[in-house]
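Here is a short report on a structure. Read it with the sequence and coordinates at hand.

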Number of protein chains: 2
Amino acid sequence: MSSPTNHRIRLAARPHGEPVATDFQHDEVPVPSPGAGEVLLRTLYISLDPYVRGRMSDARSYAAPMEIGDVIVGATVSEVVESGADGFAPGQVVLSYGGWQEYSVEPAERLRRLDPSVAPVTTALGVLGMPGFTAYAGLLAIGAPQPGETVAVAAATGPVGSAVGQIAKLQGARAVGIAGGERKIERLRALGFDEALDHREADLPARLAAAAPDGIDVYFENVGGAVWDAVLPQLNEFARVPVCGLAANYNATSLPEGPDRSGQLMGAVLSRSLTLRGFIQREFVPSMFPDFLRDMTAWVAEGKVRYTEDITDGLDRAPEAFVGMLKGANLGKAIIRVA
Amino acid sequence: MSSPTNHRIRLAARPHGEPVATDFQHDEVPVPSPGAGEVLLRTLYISLDPYVRGRMSDARSYAAPMEIGDVIVGATVSEVVESGADGFAPGQVVLSYGGWQEYSVEPAERLRRLDPSVAPVTTALGVLGMPGFTAYAGLLAIGAPQPGETVAVAAATGPVGSAVGQIAKLQGARAVGIAGGERKIERLRALGFDEALDHREADLPARLAAAAPDGIDVYFENVGGAVWDAVLPQLNEFARVPVCGLAANYNATSLPEGPDRSGQLMGAVLSRSLTLRGFIQREFVPSMFPDFLRDMTAWVAEGKVRYTEDITDGLDRAPEAFVGMLKGANLGKAIIRVA
C-alpha cells in the first residue's frame with residue numbers, strides 16, 4: 001500500500017487585483033506525522049473568508065501576510081486521524097486552522113472540539129464561529145443598537161451580515177439589508193429584514209433614504225465602495241460605524257480617481273459626531289466569546305437566528321469558489337467540502 | 001444727551017473661501033432695552049473661535065447657519081448695564097453670547113456669573129470656558145490617554161490645543177505639539193510639551209515619526225489637512241482620534257484634487273482598529289462640566305495648566321483678527337477687547 005498523499009493549494013504569486021489561477025499552485029506531499037502535543041487532522045470543510053484576500057497581499061494589515069509558497073490559510077472543520085495529544089482521539093471532529101489542504105498537523109491547544117449533537121459542525125465556520133462572533137461583537141460592543149434605532153448592513157446575506165441584521169432585530173432595532181441580486185433580496189425578506197435593497201439596481205442612495213426615513217443609527221461596514229457612499233449621507237448624529245471589512249476595496253490595485261473625498265469624510269465625522277471604529281473580532285474574544293457561544297447557540301436552536309451555507313465540493317475548486325465569494329457569487333457562508 | 005448707539009458687525013455675504021471685508025457690514029442702531037427676565041449687557045470682550053467660520057456658510061453642520069444680516073455670533077464677557085431679571089445687578093460681569101456688537105439684550109437664564117477673584121474674566125472665553133472644556137472632554141472621554149502613551153495635537157498653542165497637551169501631561173502621557181512658526185514652537189517648549197514640531201518646516205512626516213518613536217495613541221484632531229496626513233501613518237493599533245475641528249478645510253471652496261483617499265482612510269481605520277469620533281463639547285456638558293470647572297480651575301490656580309491670550313483692541317478690528325486667527329496669526333486665545 002502506497003502511503004497517502006496530502007493535496008495542498010499554495011500561494012504561487014501575490015494577486016494583482018482579482019486572484020487568477022496562476023496565483024495558486026496545487027501540489028502533493030506525504031501526509032505529515034504529529035509530534036508530541038500535536039494532532040494529525042483530515043480536513044472535512046474549509047471556510048472561505050474575505051480577509052484571506054488581504055493576507056495574500058504584502059500591504060500593511062492587521063495580520064501578517066502569507067509568504068509565497070505557504071498553504072492558503074483558512075479555518076477548517078477536521079477529523080482527528082492520529083493524536084499525539086491527550087484528550088483527542090481518532091474520529092473526533094474539531095475546529096482547526098488547517099488551510100487549503102487535505103491533511104494538517106496542528107498543536108492540540110489551537111483546536112476546539114465540536115459536538116455534532118448541538119449544531120451541524122459546519123456552523124463552527126459561520127454563524128457559531130468567527131463570522132457570527134464578528135457580527136455579535138461588532139454590533140453589540142461598537143454599534144450598540146437601541147430599540148427603535150435603524151441598523152443597516154451590506155453583504156447582508158453573508159454569514160456576518162445576516163447575523164448582524166437578525167441580532168439587530170433581537171435588540172429591538174429596525175434592520176435594513178443591502179445585497180446584490182434578486183435571490184439575495186428574497187433571502188433577506190425571508191430572514192425578517194425590515195427592508196431589503198438591491199445595490200445592483202439604479203439609484204441606491206434614494207432607495208436607501210426611503211428605506212431609512214429616520215436615518216441610520218448603526219451601519220455595520222463590511223463592504224465599502226458605492227454602498228458606503230450611499231450610507232454616509234443618511235447617518236444620524238451620533239451614529240456608530242463598526243468597520244469590519246471593506247470587501248469592495250480588496251482587489252483594488254490603485255487609489256480611485258479624484259476628487260479627494262477624505263477631508264469631506266472627516267467633515268461628516270465632525271459635523272454629525274460620528275464614531276468610526278475599526279475592529280477585528282479577536283479583540284473581543286476575552287470579554288465576549290463565552291457570551292456569544294451561549295447566546296448564539298440558543299438563538300440558532302430556537303430559530304431566532306437563521307443561517308445559510310453555500311457549499312462547494314472539492315478542494316480543487318477552492319480558488320474559483322474563493323474568487324466567486326469576493327464577487328458575491330455565493331449565497332450564505334462559503335464553504336469547501338473536502339472529504 | 002443723545003441716546004447711546006450700539007455698534008454692530010453683521011454678516012453681509014456668505015464668504016467664498018477666506019472671509020473678506022465686504023462679507024461684514026458695520027452699522028449702528030439704538031441700544032435695545034431689556035424686557036422682563038432679560039438683561040442689557042455692555043460687551044467687554046468677544047471670543048473669536050474657528051467654528052464661527054462654519055456658521056457663516058450654509059452647508060450642513062452641527063449648528064444652524066447664520067442668516068445674512070445677523071450679528072456675527074460669539075461668546076462674550078459682558079457687564080450688566082440694566083437688569084430686568086432677579087439676581088443680576090448693574091456692574092456684574094457675566095459670560096454671555098452677545099456676538100460682535102457693543103450692547104446686547106439676553107435672557108438671564110443664558111448668562112453665567114463670573115467671579116473676577118477666582119480668575120481673570122477673559123479665561124471664561126478660553127481655558128475655563130468652551131475651548132478648555134472642549135480639550136478636557138474630548139481628550140478624557142474619547143482620547144482616554146493612559147500613562148506612557150503618546151498624545152499629539154496640532155494648533156497646539158491655541159486655547160484648545162495647549163490645554164490638550166497640558167492635560168495629557170497631567171495624565172502621565174507624552175505630549176507632542178504641532179504649530180506653525182518659531183515663536184509658537186518656543187511657547188510649546190515653555191508649556192512643557194515633550195516635543196514641539198513646526199509644520200511650516202520641511203518633511204513633517206519624518207520629523208513626526210522621530211518625535212513619536214512608539215507611535216501615536218491619541219491624536220486630538222482640530223486642523224485636518226497636511227498635519228492629519230502626517231499623523232495617520234503614525235497612529236498605533238487601537239489609537240483614538242477625537243475629531244474636534246478641521247480648521248484647514250474651513251475656507252475650502254471645492255474638494256481637493258485626487259486621487260480619492262477616502263477608501264484608504266477607511267482601510268487604515270480597519271487595519272489598525274482605529275477610533276475616529278467627532279464631537280461637539282455640548283454633548284459632554286451634562287456629564288462633565290462640573291468636573292471640568294473644578295479640575296481646571298484648580299489646575300490653573302496651581303499653575304499646572306497655563307494659558308495664553310492674544311487680545312486685539314476694538315470691535316472694528318474683529319473681522320481682520322478673525323481672518324488672522326483662521327490663518328494661525330494669533331498666539332493663544334484670540335479675543336477682541338471692546339470696552
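How many helices and strands make up the secondary structure of chain A?

## Chain A overall

Chain A has nine helices and 15 strands. Helices (H or I, at least four residues) and strands (E, at least two) are DSSP runs, numbered from the N terminus. The radius of gyration of chain A is 21 Å, close to the 20 Å from the globule rule for 339 residues, so chain A is as compact as a globular protein of that length. That radius is taken over C-alpha atoms, and the rule is 2.2 Å times the number of residues to the power 0.38. Along the principal axes, the C-alpha atoms of chain A fill a box of roughly 70 × 45 × 35 Å.

This is a predicted model: local features need pLDDT of at least 70, side-chain atom pairs count only at pLDDT 80 or more, and totals for chains, interfaces and linings use all residues. Residues are numbered from 1 along each chain as its sequence is written, while chains are lettered from A and ligands numbered from 1 in the order in which they are written.

## Burial and contacts

Of the 339 residues of chain A, 50% count as buried (20 or more other C-beta atoms within 10 Å of the residue's own, with C-beta atoms placed from the backbone). Contacts (C-beta atoms within 7 Å) at a separation of 6 or more are 66% between residues 24 or more positions apart in chain A.

## The nonpolar core

The largest nonpolar core holds 206 residues. Such a core is a set of buried Ala, Val, Leu, Ile, Met, Phe, Trp, Tyr and Cys residues joined through C-beta atoms within 7 Å. A:V231 and B:V231 touch the most other members. Beyond four places in sequence, A:V231 contacts A:A152, A:L208, A:I216 and A:Y219.

## Helix α9 of chain B

Helix α9 of chain B spans residues 318–326. Its buried residues are B:A318, B:A321, B:F322, B:V323, B:M325 and B:L326. Their cover includes β1, β3, α1, β14 and β15 of chain B. B:G328 follows α9(B), with a positive phi near 85°.

Terms used. Buried ≥ 20, exposed ≤ 12 C-beta atoms within 10 Å, placed from the backbone. Contact = placed C-beta atoms within 7 Å.
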